[in-house]
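Hi,

Here is the structure I promised to pass on.

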Amino acid sequence: MRAALLPLLLAACTSPDPVRVGSKPFAENRILAEVLAITLEDAGLPVERHLDAGDTFACADALRTGALDVYPEYVGTALAALGLPAEHDPDEAIALLRERTSDLGVAWPVRLGFDDPYVLVTTPAVAAQRGLRELSDLAAPGDPALAEGWHIGTPREFTERPVDGFDAMARFYGMSGLVPVVAEDPAARYGALLVGDVDLVVADATSAWIEEYGLVVLRDDLGFFPAYEATPAVRRATLQARAGLAEALAPLDGVVTLDLIREANRAVEVDGAEPRVAAEQLLVALGLLDHATPPDTAPLQVAVAPGGEGRRLVGLALRAVREASPGQRVAASVQLAPVASLGERGGAQLAVVAAPALFAPAGTSRAQPRDGVVALGALGHLAVHWIGRASGPRPGEGHRLGVGPEGSGADRVAAALASAYGWALERVHGDLPSQLGALDAGRLDGVLLLDEIGAAAPTLALRGEGRALQPLQDWVGTDRGFTHPYLRGARIPAGAYGQADAVPTVTTEAVLAAPRVARSGVGEGGPAAALEGGPAQVGDEARAQLREALSAVPLDPVLPRVRPALSAPRGGTLPVSPAVTVANLFTFGFLGALGWLLARPSGG
C-alpha cells in the first residue's frame, strides 16, 4: 500500500504552483482574465482564478507581492499609475511602459490588439439639444439651463486618477461646472442617464451599452486620453520560473479586435452570459479553442418595431426587464410586427411598441384591442411630429408622407390619422435621411416622426433649412379621439424646437406588451403560461415587478391590461376571513348569554 501511495505523494509535492490570474471588477477585464486563464490551461499550465481582485492599484500591488501572477491591464492606465505623461501612439506607449517597468518586476509579453480609451457619452437628445459633439463643447460658455453644471455619472476610480482622471480632464480642457456623480455599477450609471438624473456618463469605448442605448460618444478633440491598448501584466519572477508561460500567451499577441471584444462585452453586459462563456466564444472565433460552453438557456426576446423610435424608452424597458429577470439573458430584436410574434414558439416574450400596435385597424367605428395581448406598463409618450416645408401645404388629402420603415410606429400612426381624418395618404417607406432629402427636393409633402418631444431625431430634422412643424388641427372635440382612442390631443410647447408658438398634435403611449393568458379561474396571466415549454419565460413575479417598475407613467385606461382577479367567481361562495368569523361567533355568543341572563326568572 505504501509503495502505491509513494509516487502520488511525490507527484503532489513536486507539482508546480498554479498561475494566479486576477482581474479588475468590470465585465471586460473579467472576460480578458478568463481569456488568459483558459489559454494557459489549454497549454497545460495549472491556473487559479482571482476575479474581481480590486482596482488598478490593488491589482498592481498584488502583482508586486506575488498574490497575483498575471492580470489584464491597459497601457495608458499603467503609465498614468507610474505618473508618466500620456502617450497617444500605441507603439511608443508600450515601448515606454516596458522600459520604465523593467526594474519593477513586471513584464508585458504580448499586446492583445485593441485600444479601449475612456469616453464621455450622452443621449442623442441631450447631444442635439445642447450641441454636444466633442469634449471641448463642455468648456463652452455657460448655458443658462445648466446653472447647476454638467452632472456626469462616473466610477469612483476615474475620480481618483491623478493623471488621466476627472480633475485632470477638466483642467486640460478648461471645463468648469462639472459635477461628478459616483456610481460603481455601470447599469446604475446608464440608468441615471436614461432617466435624466445625469447629463453624461464616463464609459469605456468598448462598452456594449453605447450601442444598446444608442448613445452619442463625444470626440476627444484635443487628445487628452492616451492609448489604452490592452495587455497582460505578468510578474517577471513567474515568467522566468514557469517554463512555457510566455509561449502559451504568444498566440494572443495582436489578435483581439475591437469587434470581438465588443461582442464579448455585449454577451456579458447585455445578455447576462458568464465571463468564462464569453471568453470561450472569443477564443473559438480566433481559432484558439475548439468549442465553447453553450449557454444554459435561450435569451428572453424583447421585440421592437423598426425605425428606432423612442430609443430612450426602449432602453428603459430593457433595463426594467433585466432587473426583473436577474440571471436571464435578455435580447432585443427588430421585428416588422412585434405584437404578432408574442407568445409564438421561437418568438418574443415581450414587445416595446407604440399603443396603436395593440389595436386592430379602425374603420368608421371605434378601434378594438387585439386579442391575446396586454400592456404591462407605459414607458412614456410619443408625439407626432409632422414635418413639412415652411411654405408648403398643411397636412391633408392626397399627401405623399414619409413614415420611416414599414411596420414602424410612425407608419401605424400615419394609417390611423388617414382613417381618422378620412384622408387618402400615400405612405412612403424608407430611412429618415433619404426621406428628409426627398422632402427638401419636393418629392414628399411631409415626413412623420413619432418620438418624444425634444428627442434627437426631430430636433436635428427641424434644423434643416425651410423645414417646420405642421399642426394637426381639429382633433380635440371631435369623434376622432373616440374612434382612435389610443391617440390623444396634445400640443408641442412653444420653443421646444425654436418655434414661436405651440403646435397642435397628437400623442400616444409607448408600452411594454406581453401575451394575454387566460388561466383557470378568474383573472389574467402573463407570458409564462403562453410559452410553457419554451426556452425563456417571464414568470408571475417578474411580471409584477415590471408593472411596479413602470408604474411612474400612468397607463392609458383604454389600453388592454392585466386586470386584478376577483375574490370569487360569479355564483360562488363569499370569501371567509377566519378573524372575522371568530369575532362574529364571539359577538353572537355574548348576545345570547346576555339575553339568557335578562330572561331567566329572578331567585327568591
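Predicted model: local features only at pLDDT ≥ 70, side-chain atom pairs only at ≥ 80, totals over all residues.

Which residues of helix 8 (residues 166–173) are buried? They are Phe166, Ala168, Met169, Ala170 and Tyr173, where buried means under 20% relative accessible area, exposed over 50% and partly exposed in between (1.4 Å probe, protein chains only). Helices (H or I, at least four residues) and strands (E, at least two) are DSSP runs, numbered from the N terminus.

Residues are numbered from 1 along each chain as its sequence is written, and side-chain values use heavy atoms, with hydrogens and water left out.

Back to helix 8: the cover over its buried residues includes strand 5 (118–122), strand 6 (150–154), helix 7 and strand 7 (178–182).

Now the rings. Phe, Tyr and Trp (its six-membered ring) pair if their ring centres lie within 6.5 Å; planes under 30 degrees apart are stacked, over 60 edge-to-face, and the rest tilted. That gives 16 aromatic pairs. One of them is Phe158 with Phe225, a tilted pair at 6.2 Å centre to centre and 40° between the planes. This pair joins distant parts of the chain, as Phe158 is in helix 7 (residues 156–160) and Phe225 in the loop between strand 9 (216–218) and strand 10 (230–235), 67 residues apart. Phe158 is buried because its relative accessible area is 0%, and Phe225 also counts as buried, at 6%. Phe225 pairs with Phe224 too: the centres are 4.8 Å apart and the planes at 70°, so this pair is edge-to-face. These rings belong to one aromatic cluster, made up of Tyr118, Phe158, Phe166, Phe172, Tyr173, Phe224, Phe225 and Tyr228.

Finally, the cores. A nonpolar core is a set of buried Ala, Val, Leu, Ile, Met, Phe, Trp, Tyr and Cys residues joined through side-chain atoms within 4.5 Å. The largest has 82 residues, of which Leu350, Leu358, Leu417, Leu512 and Leu546 touch the most other members. Strand 14 (residues 373–389) gives the most to this core, with nine residues. A second, separate core of 58 residues includes Ile31, Ile38, Phe158 and Leu218.

Cheers

How values were computed. Contact = heavy atoms within 4.5 Å.
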